[in-house]
Amino acid sequence: MLNPQPYRKGDSMRSLRANKSAGNLSDRFIKERAKVAAGTYSEYETQILTRALNDLLDPNPSVTPAFWLRPHVEQEISVLPEADLGRYLFHRYRYDIFPVTKELDDFPPCVQIEPSSICNFRCVFCFQTDPLLTNRKEGHMGQIPLDRFMRVVDELEGNVDFVTMASRGEPLLTKGIEEMLAYASGKFLGLKMNTNATFLTEEKAHAVLQADLNTLVFSADAADPVTYPQLRVNGDFDKVMGNIRRFMEIKERDYPKSRMITRVSGVAFDRKRQDHAAIEEFWSDFVDQVAFVDYNPWENAYDNDPNGVEEACSDLWRRTFVWWDGRMNPCDVDYRSFLSPGNVEDFSVSGLWMGSAYSHLREQHLAMNRQGITPCRGCITV
């Protein structure tokens, strides 16, 4: 379809229901501004934090883009220790604003490390329904070795604070996932994992909680045993619900001081089958937050005719993906890695992020030439 409605990934969270209020954060921002003025940070950090805090404390409607806090970000800040606020705002500003201003520095604001590309589900809205991804003969299926995971974490520590352990597959079926969680523990302010919770055993629940994740996201799009497997094909609603319930019991009993935010996140795919209010009401008894994200229609991006979307993709400035096999990739709509700039076995994450292949791709997008690039020409993400 020519000239479709673009999918704005930075604003894809449609709704968020939280059990607790984040409260008024202004006093914390005022104190942080004083720390910035006192020379607590490096020159570059000071520049970014000054911009961020000016937008938060003295918003000017005539200045765009403006940095503001979405509800889930306010929730994340509310559980942060005072000492970590500046560090968090530095990385959050880059994550939210650099994709708009098209600024770059040596590292991406966010890195998604893929523990596994293998998944036990075939969700109707997911790449896993494409046999060109899941057929093992195509070479895309596998699990990251522990040593590769550790090398990536070592490079990111101190340079990237938003790290998500998830991408094309289910992280908790990865061999050695407990060791990976333990190794990443304490190294990132925004360590996050997405899981369908099928493999969330008691042992893995403790591994997750001991890793002190910032956010654990349970992917669920329904609240009944009939609709759930229609959307999350191969899923067992009762098993998933039982695993999430047990996880929360363990968290409350054994980790009462945990700052981890738990969230059920669903894809807003079919309003006829998804009663958002009822789903939010049901899952709110089990987790801290319930959210819905807009569906990104990825289907046939590789084969579609050019769709007329010319705006540059924001992910080229927001995040990068490190697949299980070491390939770095600019986005997950390109789940078959047509656009990979290289492998972290041969180059550093920073070197690939700032390298010629990535730079050329960004230049083509800025020049409104994405219609000549596969799969960008069939993708509507901006």
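**Briefing on a predicted model**

Residues are numbered from 1 along each chain as its sequence is written, and side-chain values use heavy atoms, with hydrogens and water left out. Helices (H or I, at least four residues) and strands (E, at least two) are DSSP runs, numbered from the N terminus.

**The sheet**
- An open sheet of mixed pairing is formed by 10 strands in the order β1-β7-β6-β5-β4-β3-β2-β8-β9-β10, where two strands pair if DSSP finds at least two bridges between them.
- Because β1 (13–18) and β10 (342–343) each have a single partner strand, they stand at the edges, and one side of each is left without a neighbour in the sheet.
- Strand β9 (residues 327–329) runs antiparallel to β10 and is joined to it by 2 bridges, with Met328 standing opposite Gly342 in β10.

- Asp55, in helix α2 (residues 43–57), is buried (under 20% relative accessible area, with exposed over 50% and partly exposed in between, for a 1.4 Å probe and protein chains only).
- Asp55 has no salt bridge, and the nearest side chain of opposite charge, Arg51, is 6.9 Å away; a salt bridge is a side-chain nitrogen of Lys or Arg within 4 Å of a carboxyl oxygen of Asp or Glu, and in the count of charges Lys and Arg are positive, Asp and Glu negative, with His and the chain ends not counted.
- Leaving aside neighbours within four places in sequence, Asp55 is in contact (heavy atoms within 4.5 Å) with Pro65, Ala66, Phe67 and Tyr93.
- Pro65, in the loop between α2 and α3 (71–78), is joined to Thr64 by a cis peptide bond with omega of about -5°.

**Positive phi values**
- Ala197, which is not a glycine, has a positive phi of about 75°; this residue is found in the loop between β4 (190–195) and α8 (202–210) and counts as buried at 0% relative accessibility.
- Asn234 also has a positive phi, near 85°, but is found in the loop between α9 (227–231) and α10 and counts as exposed at 54% relative accessibility.

Note on methods:
This is a predicted model: local features need pLDDT of at least 70, side-chain atom pairs count only at pLDDT 80 or more; totals for chains, interfaces and linings use all residues.
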